[in-house]
Amino acid sequence: MKIATFNINGIKARAHALPDWLDEMRPDVVLLQEIKSPDQAFPRDLFEDRGYNVETHGQKSFNGVAILSRFPLEDVSRGLPGDDGDDQARWIEATVVGKAALRVCALYLPNGNPAPGPKYDYKLAWMERLRARAEELLAAEEPALMAGDYNVIPQAEDAARPDAWENDALFLPESRAAFRRIGNLGFTDAFRVRHPGPGHYSFWDYQAGAWNRNDGIRIDHVLLTPQAADLLTDSGIDTEMRGREKPSDHVPVWVELDL
DNA sequence: ATGGTGGGGATCCCA
């Protein structure tokens with residue numbers, strides 16, 4: 001089973017690039033971020049016509065996450081627990097019913113800039129809520145994954161120019177520590193475990209020719225529970241997507257699980 | 001030090 005995460009930066013702007021990629025790569029499950037659309041405006045037909053079940057947790061203009069799946073989806077849950085006052089659409093999870101059940105969580109972690117400030121406080125508070133949900137997933141001792149735009153550069157080798165990110169919310173020590181705190185609970189970074197070393201990125205800014213200079217960062221991650229990590233057979237990044245017509249500033253990151 | 005680009009939707013916010 002191939003599962004991909006993709007921050008598309010607006011469903012309307014990606015109404016061609018995303019279906020084209022689906023037709024080529026044929027992922028079984030796709031976790032989308034930044035759909036930037038209310039649920040009722042999301043073009044479900046584009047995906048249902050291709051055999052995908054569609055579950056969205058949208059929002060007008062900003063944020064918004066969704067799950068596409070060739071397998072049935074059960075027990076869909078919207079919103080990251082822990083703050084009833086949080087109205088930003090950044091989390092959706094569901095159980096994919098294939099040969100065996102797989103719990104998948106799609107997340108769009110807050111950017112947090114400028115730091116320090118209220119946006120950075122929100123990011124760190126959101127990561128603490130994420131840690132709490134992650135502990136519950138581990139306690140279930142079942143195949144599960146949390147994938148999406150984490151807006152965290154885990155290590156210096158995950159940036160072409162780490163110095164440029166020194167004071168950025170994506171690379172501040174507190175952000176990286178919060179990310180490690182979650183990973184150290186027992187998750188596997190599905191890309192990193194199979195592709196060590198520098199030079200692997202998932203985001204290139206639209207500005208200043210970042211793509212042409214390969215000035216990227218790796219901020220889109222797939223974290224696997226131990227039971228999911230046991231099933232991992234491959235992982236990758238569809239880097240070439242960034243060079244296509246009207247690209248997102250992110251590219252898909254995918255895993256293959258023996259499911 | 002600044003501004004560089006892009007999406008969404010409204011003449012500015014977010015990344």
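This is a predicted model: local features need pLDDT of at least 70, side-chain atom pairs count only at pLDDT 80 or more; totals for chains, interfaces and linings use all residues.
Biologist: How does one read the span of the helix itself, and how many residues does H3 have?

Modeller: One sets the distance from end to end against an expected value. H3 covers residues 118–139, 22 residues in total. From its first C-alpha to its last, H3 reaches 32 Å, close to the 32 Å expected at 1.5 Å a residue.

Biologist: Which residues of H3 are buried, and where do they fall when seen down the axis?

Modeller: One looks down the axis and notes the directions of the residues. The buried residues are Lys123, Trp126, Met127, Leu130, Ala134 and Leu137. They fall within an arc of 110 degrees, so they line one face of H3. Turned away from this buried side is a face with the exposed residues Pro118, Glu135, Glu136 and Ala139.

Biologist: What covers the buried residues of H3?

Modeller: The cover includes strands S7 (101–108) and S8 (144–149), together with helix H4 (173–183).

Biologist: At roughly what angle do the axes of H3 and H4 cross?

Modeller: The two axes cross at roughly 10 degrees and come within 9 Å. Angles under 35 degrees count as roughly parallel, and H3 and H4 are therefore roughly parallel to each other. H3 makes the contact through Leu124, Met127, Leu130, Arg131 and Ala134, and H4 through Glu174, Ala178, Arg181 and Ile182.

Biologist: How many residues of each class does this contact of H3 with H4 have?

Modeller: The contact has six nonpolar and three charged residues, and no polar ones.

Terms used. Residues are numbered from 1 along each chain as its sequence is written. Chains are lettered from A and ligands numbered from 1 in the order in which they are written. Helices (H or I, at least four residues) and strands (E, at least two) are DSSP runs, numbered from the N terminus. The expected span of a helix is 1.5 Å times one less than its number of residues. A residue is buried if 20 or more other C-beta atoms lie within 10 Å of its own, exposed if 12 or fewer, and partly exposed in between; C-beta atoms are placed from the backbone. The arc is that of the directions from the helix axis to the C-beta atoms. Two residues are in contact if their C-beta atoms, placed from the backbone, lie within 7 Å. Axes are lines fitted to C-alpha atoms, for helices over the stretch in contact, and angles run from 0 to 180 degrees between N-to-C directions. Angles under 35 degrees count as roughly parallel, over 145 as roughly antiparallel, 65 to 115 as roughly perpendicular and the rest as oblique. Ala, Val, Leu, Ile, Met, Phe, Trp, Tyr, Cys and Pro count as nonpolar, Asp, Glu, Lys and Arg as charged, and the others, Gly among them, as polar.
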